[in-house]
Amino acid sequence: MMITAIEPRKKGLSALYIDGEFAMKLDAETLLACRFDVGREIDDEELHECIQASDRKRCKDKALWLIGYRDHSRKDLITKLKKDYPEDVCTATADRLEELGLLDDGRYARHYAADLVNLKHLSERGVRQKLYEKGIDRDLIDEVVSELFIDEKEQIRTIIEKKYARSLSDEKGQRRCVNALSRLGFSRSDIKSVLSEYTETEEY
């Protein structure tokens, strides 16, 4: 196979033409590192190695951009990277970022859990579920949750005041409130106890 053209494209990529036909887009820096020049003869192994090198660099660059924008769990990061790159490349990228301390599920879980409690006003069960969905290890979830102080009844009061206080005058509004709080992981007993502060009925 002969490289017949290399044309610049957006985002640091170059279009590689082999035997007169477009073959693929590769990272421009990687093409230089592979010494791919117009007129050079290459074989399948050389092309494959260059493709892999390009994938590794582009995957790393995207990962750095993603975690620079906001913190990610390992699972979240790999899931996003897999949309564009092979799974083994994504996993290796995550491994390297962990080695460098740029990707840390413990740090992520603590920040995320704090936001869930302080901003979303979730219950302990709700926090656990959200962390699990982010791919956090169960032992780490136990550790993170044990460090939190969650006043479940106060969380319920905050949510009611923000979203439901004006709609508790009828049974329909009360049931809607109860169902929403249940989905957030609060116990029926806590919900009933706090809701009794806002309404005279106890039929929820």
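Asp 19 sits in the loop that links strand S2 (13-18) to strand S3 (21-27), where helices (H or I, at least four residues) and strands (E, at least two) are DSSP runs numbered from the N terminus. Although Asp 19 is not a glycine, its phi is positive, at about 50°. The model is a predicted one, in which local features need pLDDT of at least 70 and side-chain atom pairs count only at pLDDT 80 or more, while totals for chains, interfaces and linings use all residues. Residues are numbered from 1 along each chain as its sequence is written, and side-chain values use heavy atoms, with hydrogens and water left out.

The turn that holds Asp 19 belongs to a hairpin, in which S2 and S3 are separated by two residues. The two strands run antiparallel and are joined by six bridges, two strands being taken to pair if DSSP finds at least two bridges between them. Within this pairing Ser 14 stands opposite Leu 26 of S3. Ser 14 of S2 also has Pro 8 opposite to it, and S1 and S2 pair in the antiparallel sense over five bridges. Taken together, three strands make an open sheet in the order S1-S2-S3, with antiparallel pairing. Strand S1 (3-8) and S3 stand at the edges with a single partner strand each, so one side of each is left without a neighbour in the sheet. On average, neighbouring strands of this sheet are turned by 25° against each other, direction ignored. In a regular strand the side chains alternate between the two faces of the sheet.

In the loop between helix H1 (28-33) and helix H2 (44-69) lies Arg 35, which has a positive phi of about 60° although it is not a glycine. Arg 35 counts as exposed because its relative accessibility is 65%; buried means under 20% relative accessible area, exposed over 50%, and partly exposed in between, with a 1.4 Å probe and protein chains only. H2 itself lies across S2 and S3 and runs at about 40° to S3.

Two packed helices are described by the angle between their axes and the distance between the axes. The axes of H2 and helix H3 (residues 74-81) come within 10 Å and cross at roughly 130°, the axes being lines fitted to C-alpha atoms, for helices over the stretch in contact, and the angles running from 0 to 180 degrees between N-to-C directions. H2 is therefore oblique to H3, given that angles under 35 degrees count as roughly parallel, over 145 as roughly antiparallel, 65 to 115 as roughly perpendicular and the rest as oblique. The crossing is right-handed, a term used if the near helix is turned clockwise from the far one by less than a right angle, with left-handed used if anticlockwise. Cys 59, Lys 62, Ala 63, Leu 66 and Ile 67 of H2 meet Leu 77, Lys 80 and Leu 81 of H3, contact meaning heavy atoms within 4.5 Å. These residues divide into six nonpolar, no polar and two charged, with Ala, Val, Leu, Ile, Met, Phe, Trp, Tyr, Cys and Pro counted as nonpolar, Asp, Glu, Lys and Arg as charged, and the others, Gly among them, as polar. The buried residues of H3 are Arg 74, Asp 76, Leu 77, Ile 78 and Leu 81, and they pack against H2, helix H4 (87-99) and helix H5 (105-118).

Further along the chain, two loop residues come together. Ser 123 lies in the loop between H5 and helix H6 (124-133), and Ile 150 in the loop between helix H7 (138-146) and H8. Their C-alpha atoms are separated by 7.0 Å, although the residues are 27 apart along the chain. Ser 123 counts as buried, at 0% relative accessibility, and Ile 150 is also buried, with a relative accessible area of 16%. Leaving aside neighbours within four places in sequence, Ile 150 is in contact with Val 117, Leu 122, Ser 123, Glu 124, Val 127 and Gln 155.

The axes of helix H8 (residues 152-164) and helix H9 (residues 171-183) come within 11 Å and cross at roughly 130°, which means that H8 is oblique to H9. H8 passes H9 in a right-handed crossing. Ile 156, Ile 159, Ile 160 and Tyr 164 of H8 make the contact with Arg 176, Cys 177, Ala 180 and Leu 181 of H9, a set that divides into seven nonpolar, no polar and one charged.
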